[in-house]
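Here is a friendly note to go with your first look at this structure. Please have the sequence and the 3D view open as you read the points below.

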Amino acid sequence: MSRARAAFILVTLTFAAWPVTPGRLVPAAASPYPSPTVELAGHGWGHGRGMGQYGALGYALQGWQYSQILDHFYGGTQSGPNPAPSMSVRLTGFDGNDTIVVQERSHLSTPLDGGAGRYAALRAHLVGPNQFEVDSGPTCQGPWTPLAASTPGPVTFSPAAPTPTSSMDRSELLQVCLPAGGTQWLRGSIRAVDALGQGNGADQRTVNDLGMEDYLLGVVPSESPASWGSLGGGTGMEALKAQAVAARSYAAAQNRYAYAKICDTDSCQVYRGRAIQSASGSYRDVEDPRATAAVNATAGQVRVTGGQVVSTEFSSSTGGYTAGGRFPAVPDDGDAVSLNPYHTWDVTVPVSTVEGAYAGIGSLVSMQVTQRNGLGYLGGRVTQTQVQGTAGPTTATGAELAARLGLRSYGFRVVYPGGYWITGSDGGVFSFGNAQFFGSTGGIRLVKPIVGIEATPSRQGYWLVASDGGVFSFGDSSFLGSTGGMRLNKPVVGLTAHSTGGGVTATAAGYWMVATDGGIFAFGDAGFFGSTGGIRLNQPIVGMAPSPTGQGYWLVASDGGIFAFGDARFLGSTGSIRLNQPVTTIRATPTGAGYYLLGRDGGIFNFGDAGFFGAVPGLVTGPSAAIPKVGMAVSQVR
């Protein structure tokens, strides 16, 4: 029997059956999304390029040295000397505001008077094209006394006595006056510039000029918690050292602006200086001895390629696999460290938010992932999505959708609120609830009839299985083997995936097939837990379903009798009920606390926590109604 892998068909059905006939597909009218929110589950936080900070921590706690961590995440680079010993940082919170600096000992100086004066506070205010008024005063609020009515920029304010990098003493450091109140202690000097040279007040910028090593003292603890250095008996220090080298290399490679190399936010890398005091008076040290030790231990080290310093990007959490790009994509096993709250995540987004983000779609009908980059979780980060509305569909990149909806990363999947698929013996597929259509064998001439359907853990694909054990894969399902080329004692009646992991993080690398005598065929990593192959049955076995752990399964006979193996629990049956039509398969809910039995006419029997969403009888008429309904798959993830 030939086994065709179907092309991915971008068609979605919601609350409406789609009878599949050879040659032509006719969709029913789209229905609105069946929930007020869209649930999305994913891995990681950030762009995922280069080093993952939590991954670095995980590897450090496993005993890796910082050089090993850097070699892993920044493939193709080597350690080298820093070619940029000085830094200039745009303090973005001051954009369009006066540059106001204070010095607690009144040891503030400026070249305007040849550096002879000492001031408590100085202010630079843009008054014309590259022209500044400079005033002195006692505090951030003034009152101000003119020092220069108009002087060419840039205007520099410096401490009279520079503070050594090794010193934590802040008494000689400058403090910039925050526009919202409070102050920020900074090493080095402060410069006021006219970004465009046109005298527009909105273009005034405030820049912090300082040495690279001084700069890193305010970056490393702002990007990675200094407390990591105390973890694992001190092995966490290797993560801080890796952060120091990555931050130094990234900064040295930047030339963002004509007036500054880099900015102070996560648009570049976060820099908070020496300390911060809020408008309410609360004080917080930014620098930390552990982060400082990491900077000192790696002093002057950057990553280079061909003698050129490399822009070593990093992000909080890769989710288990880096995104590739400038550096080769690599697995990030360290990301699963128990302290990482972003390795896996699950969020709900109001449907109204999705409709607002894509205003042209009308009412939301569905959202699905259509392409991934092939690297890691669920086949990798999302590269393309389709958002379907009553007014039509729209496509977007995963990164764009993540940005519009405020997701932590674009390594995600859509978690569907409920539904199931039913298949006929010709391989035609009916979708109920929010189950999506990915293809069928309705237009293929089959050697043997289809006897079952099984969804992948992501619910972004499914398998169809024929009575000879031939397997057809659709969506994101993978072909893992079949009995299509074997001589069987009894025909196959169903296929069930072996899932590892739980809930939204589950994956499948195996499946079982079951024959009418209850014989079990295991493929991939699916295990054997028992069978009815040696039992005399009243009625033949027609289907099976696994427990949520993958450590057990149920078998069902055509009278609805249930046989439980491994950790599967008995929750009820139709064995004592007179049925209009025989049972054709069983499917469990994701919790393992319920299951469905499917009748040949498409009728549904639900047990435990299995919910009822609809059935085929009365839904279709004509030839499609007469086709036996032989399989179903549950689209609900929780």
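1. Let us start with Cys-140, which counts as buried because its relative accessibility is 17%; buried means under 20% relative accessible area, exposed over 50% and partly exposed in between, with a 1.4 Å probe and protein chains only. Its partner in a disulfide is Cys-177, with the two sulfur atoms 2.0 Å apart; a disulfide here is a pair of cysteine sulfur atoms within 2.5 Å. Cys-177 is buried too, at a relative accessible area of 7%. The link between Cys-140 and Cys-177 is left-handed, with -75° about the S-S bond. This pair links distant parts of the chain, 37 residues apart: Cys-140 is in the loop between strand S8 (131-137) and strand S9 (145-152), and Cys-177 is in strand S11 (residues 174-177). Helices (H or I, at least four residues) and strands (E, at least two) are DSSP runs, numbered from the N terminus.

2. A word on the source: this is a predicted model, in which local features need pLDDT of at least 70 and side-chain atom pairs count only at pLDDT 80 or more, while totals for chains, interfaces and linings use all residues. Residues are numbered from 1 along each chain as its sequence is written, and side-chain values use heavy atoms, leaving out hydrogens and water.

3. How many disulfides does a search of the whole structure find? There are 2, and the other one joins Cys-263 to Cys-268, S to S 2.1 Å. The torsion about the S-S bond of Cys-263 and Cys-268 is about 115°, so this disulfide is right-handed. Cys-263 is buried at a relative accessible area of 2%, and Cys-268 is buried at 9%. With the bonded cysteines numbered in sequence order, the pairing is 1-2, 3-4.

4. Next, please look at helix H2 (residues 66-73), where Tyr-66, Ile-69, Leu-70 and Phe-73 are buried. Seen down the axis of H2, these buried residues fall within an arc of 95°, so they line one face of the helix; the arc is that of the directions from the helix axis to the C-beta atoms. Their cover includes helix H4 (237-252), helix H5 (289-297) and strand S18 (301-305), where contact means heavy atoms within 4.5 Å.

5. Helix H7 (residues 398-405) has Gly-398, Leu-401, Ala-402 and Leu-405 as its buried residues. They cover an arc of only 100° around the axis, which puts them on the same side of H7. Among the elements that the buried residues of H7 pack against are helix H6 (351-357), strand S22 (364-372) and strand S25 (412-415). Just after H7, Gly-406 takes a positive phi of about 75°.

6. Finally, the open space. The largest pocket holds about 650 Å³ and is lined by 24 residues, of which Gln-53, Glu-223, Asp-266, Ser-315 and Ser-316 lie nearest its centre. On a 1 Å grid over the protein atoms alone, a pocket is an open set of points with protein on both sides within 12 Å along at least five of seven lines, a cavity is a set where a 1.4 Å probe fits but cannot get out, and lining residues have an atom within 4 Å of a point. Grid points are joined across faces, edges and corners, and a volume is the space filled by probe spheres set on the points. The largest share of the pocket lining, 3 residues, comes from H3.
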